[in-house]
Amino acid sequence: MALMGTKSQCRLMECDKRLVRLVSLLSDQFDLIVVCGHRGKEDQEAAVTSGASPLHFPKSKHNVLPSRAVDIAPYPYKQYMNDKGKHDEMLDLLVDIAEKEGIPIRLGRIWGDYPHVELA
């Protein structure tokens, strides 16, 4: 069983309980980190500036509490950050879990934002 680090757990706790459930179930089967849960105005605008998000505050699903979006990545991140195959493996497993749990999600990989997962 995989364990999330303290930072990942804290970031996840900022999210909607359905995302908490999905990511927690996923982490039982897959080593991952939670990159981001909630984003306040400053963090959201920084994400826009860096190109990580096209949406200004408060238009992102990350901008509400609890967050309706979470960014996750395979662990260790530096090893897998550019490994689309490892991301796909993680996200395909997440899709299976979401279907079993009856929780509709939308994946950012559709538009090239592989870490992004949001409630549909």
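Leaving aside neighbours within four places in sequence, which residues is leucine 55 in contact with? They are Gln44, Val48 and Ser60, where contact means heavy atoms within 4.5 Å. The legends below start from the whole chain and return to this residue at the end.

The structure is a predicted model, in which local features need pLDDT of at least 70, side-chain atom pairs count only at pLDDT 80 or more, and totals for chains, interfaces and linings use all residues. Residues are numbered from 1 along each chain as its sequence is written, and side-chain values use heavy atoms, with hydrogens and water left out.

**View 1. Overall fold.** The protein has five helices and four strands, arranged along the sequence as α-α-β-α-β-α-α-β-β. The radius of gyration, taken over C-alpha atoms, is 13 Å, close to the 14 Å that the globule rule gives for 120 residues, so the protein is as compact as a globular protein of that length. That rule is 2.2 Å times the number of residues to the power 0.38. Helices (H or I, at least four residues) and strands (E, at least two) are DSSP runs, numbered from the N terminus. The C-alpha atoms fill a box of roughly 35 × 30 × 30 Å along the principal axes. Buried residues account for 42% of the 120; buried means under 20% relative accessible area, exposed over 50%, and partly exposed in between, with a 1.4 Å probe and protein chains only. Of contacts between residues at least 6 apart in sequence, 58% join residues at least 24 apart.

**View 2. The largest nonpolar core.** This core has 23 residues, of which Leu32, Val70 and Ile72 touch the most other members. Two or more residues each come from α2 (17–27), β1 (32–36), β2 (69–74), α5 (84–101) and β4 (116–119). A nonpolar core is a set of buried Ala, Val, Leu, Ile, Met, Phe, Trp, Tyr and Cys residues joined through side-chain atoms within 4.5 Å.

**View 3. Helix α2 and its cover.** Leu19, Val20, Leu22, Val23, Leu26 and Ser27 are the buried residues of α2. Their cover includes α1 (6–12), β1, β2, α5, β3 (105–107) and β4.

View 4. In α3 (residues 41–50), the buried residues are Gln44, Ala47 and Val48. They cover an arc of only 100° around the axis, which puts them on the same side of α3; the arc is that of the directions from the helix axis to the C-beta atoms. The face turned away from this buried side carries the exposed residues Glu42, Thr49 and Ser50. Just after α3, glycine 51 takes a positive phi of about 90°.

**View 5. Loops and cis peptide bonds.** The bond from leucine 65 to proline 66 is cis, with omega near -5°, and proline 66 is in the loop between α3 and β2. Tyrosine 75 and proline 76 are also joined by a cis peptide bond, with omega about 0°. Proline 76 lies in the loop between β2 and α4 (77–80).

**View 6. Leucine 55.** Leucine 55 lies in the loop between α3 and β2 and is partly exposed, with a relative accessible area of 38%. Leucine 55 and lysine 41 are 14 residues apart in sequence and 11 Å apart in space, C-alpha to C-alpha.
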